[in-house]
Protein chains: 2
Amino acid sequence: MAPRPFGDTLAARVAERESQIVLGLDPDPGALWPGIGEPGSSPAASPAQRAAEAVEDHCCALIDAAGPACVAVKPQLACFERLGAPGRTALEAVVRHARDAGLLVIADGKRGDIDVTACAYAQALFGGVETPFGEVSGLGADLATVNPLMGGDAVEPFVSAARAAGAGVLLLVRTSNPGATDVEDLELAGGGSVWERLARLVDELGRSGVGDGPLSDVGAVLGATAPGHIERGRELMPRAVFLLPGVGAQGGRVEDLSAAFAPGRAGGLVSASRSIAGAYLAGGGDPAQAALVEAERLRAMAWKLG
Amino acid sequence: MAPRPFGDTLAARVAERESQIVLGLDPDPGALWPGIGEPGSSPAASPAQRAAEAVEDHCCALIDAAGPACVAVKPQLACFERLGAPGRTALEAVVRHARDAGLLVIADGKRGDIDVTACAYAQALFGGVETPFGEVSGLGADLATVNPLMGGDAVEPFVSAARAAGAGVLLLVRTSNPGATDVEDLELAGGGSVWERLARLVDELGRSGVGDGPLSDVGAVLGATAPGHIERGRELMPRAVFLLPGVGAQGGRVEDLSAAFAPGRAGGLVSASRSIAGAYLAGGGDPAQAALVEAERLRAMAWKLG
């Protein structure tokens with residue numbers, strides 16, 4: 001039996017949790033919440049093991065604190081990869097903790113490669129791989145970010161693997177960083193820009209992945225720092241889930257995002273990392289309490305819009 | 001003291017080994033060399049551990065066999081990531097084995113992300129990260145592939161970290177897959193194509209990374225499947241090292257690559273994976289012997305050109 005299409009899963013989860021907020025997990029071992037990692041594990045553990053355990057504790061505490069106001073977590077794979085094998089173990093534990101808390105998981109790794117390699121990445125991110133030694137599970141992500149520079153054939157294996165697992169993919173379309181103007185905003189000889197072409201790719205790949213509701217299993221990353229792109233993106237990608245990073249630390253504002261929610265509340269996922277985890281730095285007080293207050297503030301603002 | 005610039009390191013290594021061949025390591029646990037992984041480790045080991053050990057053995061055997069005809073190895077990070085934490089441990093062991101064999105290491109992960117995240121990836125790939133728990137080493141790669149879709153500010157942290165470690169980066173410019181026409185080949189309103197714009201970015205970023213010799217520490221991935229791109233790429237990037245994948249299984253031919261070697265023999269690195277590891281499947285005989293024969297055949301052809 002085919003799994004439930006991801007768009008329907010997401011719409012149900014957003015309705016159930018009354019939230020479109022994605023809790024970004026970008027742990028820096030040098031800037032964890034106070035008290036985390038201090039006594040630490042056995043002195044025999046390596047720096048990588050101790051740092052990875054502390055990062056895991058930090059992420060789990062953040063999930064416990066702010067998770068109730070969120071629909072998903074978004075671990076930044078780079079932050080775990082820099083801690084080697086213990087980092088991967090920590091990532092898997094954080095993913096389990098998030099699932100147990102009822103949250104969806106967006107693996108933010110921005111992968112992309114040719115056919116067989118894209119299949120291998122998709123195995124790592126979604127269902128896993130059959131080997132002569134038994135099945136090796138993947139991360140079990142519900143969504144993964146994918147870089148489409150190499151074109152459709154480099155993206156399709158991610159879409160197929162996600163669809164088979166009832167998950168989805170989010171292609172980079174127009175990102176939130178200043179350098180997005182270098183390539184993504186270039187104007188094409190045939191009209192439109194590179195990012196608009198990427199948006200069309202999202203729409204094409206997602207057509208066969210729509211469930212009972214309006215949303216597809218191929219979505220887009222659109223920076224929340226430039227609201228005009230969200231309106232234009234919605235014209236080009238009527239069925240796509242938009243992941244909207246850049247709120248808070250990068251300057252994006254929730255109130256500018258309403259076009260994202262045209263196909264329903266699950267049409268836009270508002271991602272915030274530093275503004276939630278670091279809320280106590282600005283306002284003082286308990287990190288967990290400050291994180292919940294900030295996540296709940298974002299949740300209420302976004303929920304009013306869509 | 002600043003480390004030796006990567007272009008000079010590479011030129012010296014190519015001269016010493018008389019080779020421009022890069023041994024691709026794309027291990028598939030279901031298609032390892034005969035005899036590898038069969039009795040296996042303790043029965044208590046998980047499928048991921050057993051698969052990762054077998055993959056490590058396979059890669060080390062391949063390095064022992066074909067390494068003498070090569071200048072570098074190129075582990076495909078996806079193939080290790082799909083084996084979880086044991087896969088990362090295997091990757092680190094393979095990297096050590098390659099270094100001990102006198103080979104450079106090209107980490108092929110095609111990463112790319114905004115500033116702080118790019119820094120985290122660079123820590124994972126190159127020198128490592130300082131944490132309150134002690135220093136956590138990175139992979140210690142000599143080169144890493146980077147995806148420039150997000151623009152210059154998403155690439156610069158990789159360049160800085162590589163340069164500080166005496167290593168280099170390779171930006172995706174024009175890849176070897178059919179889908180490269182979808183985005184990379186799009187013609188721009190201002191003239192030229194997306195990939196030519198990426199080539200200019202390589203050239204700009206690399207200007208400050210040239211050593212005593214002609215080569216810079218910012219290079220380009222240019223598919224060996226379309227020789228015209230290599231000539232044009234050399235015009236646009238006179239100082240860049242070109243990584244040339246697509247020889248063999250993907251249809252590229254060594255004899256079409258001579259433009260790559262205009263700035264000297266180290267100007268072009270010819271990458272082959274399946275055609276070396278799987279040489280015994282076509283020709284029969286011992287996998288190790290067949291791999292060496294194929295690697296040596298490629299080495300001699302490329303050496304004659306440049």
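This is a predicted model: local features need pLDDT of at least 70, side-chain atom pairs count only at pLDDT 80 or more; totals for chains, interfaces and linings use all residues.
**Entry 1: burial of S8(A).** I began with strand S8 of chain A, residues 218-222, and found 5 of its 5 residues buried. I then sorted the residues by direction. A:Val218, A:Ala220 and A:Leu222 point one way from the strand, while A:Gly219 and A:Val221 point the other way. In a regular strand the side chains alternate between the two faces of the sheet.

**Entry 2: pairing with S7(A).** I looked up the strands paired with S8(A). Strand S7 of chain A, residues 168-174, runs parallel to S8(A) and is joined to it over 5 bridges. Within this pairing, I noted A:Val221 as the bridge partner of A:Leu172.

**Entry 3: pairing with S9(A).** Strand S9 of chain A, residues 242-244, also pairs with S8(A) in the parallel sense, over 2 bridges. Here I found A:Ala220 opposite A:Phe242. With helix H8 (residues 227-236) of chain A, S8(A) and S9(A) make a right-handed β-α-β unit.

**Entry 4: A:Met237 and the core.** Which residues does A:Met237 contact, neighbours within four places in sequence left aside? I listed A:Ala220 and A:Leu222, together with A:Val173, A:Ala199, A:Val202, A:Asp203 and A:Phe242. I then checked the largest nonpolar core, which has 223 residues; A:Met237 and B:Met237 are among those with the most contacts inside it. Helix H2 of chain A, residues 47-66, supplies the largest share of this core, 11 residues.

Note on methods
Residues are numbered from 1 along each chain as its sequence is written. Chains are lettered from A and ligands numbered from 1 in the order in which they are written. Side-chain values use heavy atoms; hydrogens and water are left out. Buried means under 20% relative accessible area, exposed over 50%, partly exposed in between (1.4 Å probe, protein chains only). Helices (H or I, at least four residues) and strands (E, at least two) are DSSP runs, numbered from the N terminus. Two strands pair if DSSP finds at least two bridges between them. A crossover is right-handed if, with the strands pointing away from the viewer, the path from the first strand over the helix to the second runs clockwise. A nonpolar core is a set of buried Ala, Val, Leu, Ile, Met, Phe, Trp, Tyr and Cys residues joined through side-chain atoms within 4.5 Å. Contact means heavy atoms within 4.5 Å.
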